Amino acid sequence: MSRIGKLPIKLPAGVKVNIDGARVSVEGPLGKNEKQFDNSVIINLQDDAIHVSPADLHNDHSLVMHGTVRSIISAMVDGVVSGYKKDLEINGVGFKAVLKGGNALDLDLGFSHDILYQIPAGIKVVVDPSGTKLSVSGVDKQLVGQVAADIKSYYPIEPYKGKGVHIIGEFVRRKEGKKTA
């Protein structure tokens with residue numbers, strides 16, 4: 001049995017939870033987050049805390065999903081209370097980002113054409129005036145990370161000069177250039 005899965009998820013003030021079978025909906029000050037899980041776990045609400053338990057103690061999938069579902073629900077509660085944020089930095093001569101119409105991000109990354117990235121619903125992107133620093137925020141941890149990874153994937157940091165899109169906080173291994181005799 002999972003040690004993480006056994007821990008109850010305490011609900012802060014102002015957070016409402018609705019559990020309908022395997023569908024969990026969490027609503028808080030920053031917004032609403034909803035996820036559907038499979039029937040391998042039992043989710044119930046008792047005394048302002050969410051408890052997750054495996055549906056079948058003899059099923060490996062149920063035991064594996066026990067801690068995973070608990071961690072996902074905990075992240076949902078944290079997301080509607082404090083939100084999630086990833087900061088990105090664009091390095092390179094002429095590289096920049098511009099918001100277009102509030103739901104599209106125009107990336108100029110040195111290609112022959114600009115890249116137009118559609119921002120999904122529930123995600124807020126802020127670009128600083130210089131166009132080299134971005135901030136991706138929202139209530140869904142997985143979606144915030146996915147949007148940051150999608151933006152980074154258009155031009156990942158290259159190891160020699162450090163050009164490209166970099167998620168702040170991630171380690172980038174730099175390589176030494178070619179030495180001449």
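**View A. Asp-20 lies opposite Arg-23 of strand β3.** The model is predicted; local features are given only at pLDDT of at least 70 and side-chain atom pairs only at pLDDT 80 or more, while totals for chains, interfaces and linings take in all residues. Residue numbers start from 1 along each chain as its sequence is written, and side-chain values rest on heavy atoms, with hydrogens and water left out. Strand β2 (residues 16–20) and strand β3 (residues 23–28) run antiparallel and are joined by five bridges. Strands here are DSSP runs of E with at least two residues, helices are runs of H or I with at least four residues, and both are numbered from the N terminus. Two strands count as paired if DSSP finds at least two bridges between them. The hairpin formed by β2 and β3 has two residues between the strands, and Gly-21 in this turn has a positive phi of about 70°.

**View B. Strand β3 also pairs with strand β4 (residues 31–36).** The pairing is antiparallel and extends over six bridges. Arg-23 stands opposite Gln-36 in β4, and the bridge partner of Val-24 in β4 is Lys-35. Two residues separate β3 from β4 in the hairpin that they form.

**View C. Three strands make an open sheet in the order β1-β6-β5.** Pairing in this sheet is antiparallel. The edges are taken by β1 (9–10) and β5 (41–46), each with a single partner strand, so one side of each has no neighbour in the sheet. Six bridges connect β5 to strand β6 (residues 49–54) in the antiparallel sense. Ile-42 is placed opposite Ser-53 in β6.

**View D. Ser-62 is part of helix α2 (residues 60–81).** Ser-62 has a relative accessible area of 1% and is therefore buried; with a 1.4 Å probe and protein chains only, buried means under 20% relative accessible area, exposed over 50%, and partly exposed in between. Leaving aside residues up to four places away in sequence, Ser-62 touches Ser-40, Val-41, Pro-54, Ala-55 and Asp-56. A contact requires heavy atoms within 4.5 Å.

**View E. Gly-102 sits in the loop between β8 (96–100) and β9 (104–108).** The relative accessible area of Gly-102 is 59%, so Gly-102 is exposed. Ile-119 is 17 residues from Gly-102 along the chain, and their C-alpha atoms are separated by 8.4 Å.

**View F. The chain as a whole has three helices and 13 strands.** Its radius of gyration is 21 Å, well over the 16 Å from the globule rule for 181 residues, so the chain is more spread out than a compact globule. This radius is taken over C-alpha atoms, and the rule is 2.2 Å times the number of residues to the power 0.38. Along the principal axes, the C-alpha atoms fill a box of roughly 65 × 45 × 25 Å. Buried residues make up 36% of the 181. Of the contacts between residues at least 6 apart in sequence, 49% join residues at least 24 apart. The accessible surface is about 10,800 Å², with 51% of it belonging to carbon and sulfur atoms; areas follow the Shrake-Rupley method with a 1.4 Å probe, and for residues only the protein chains shown count as cover.
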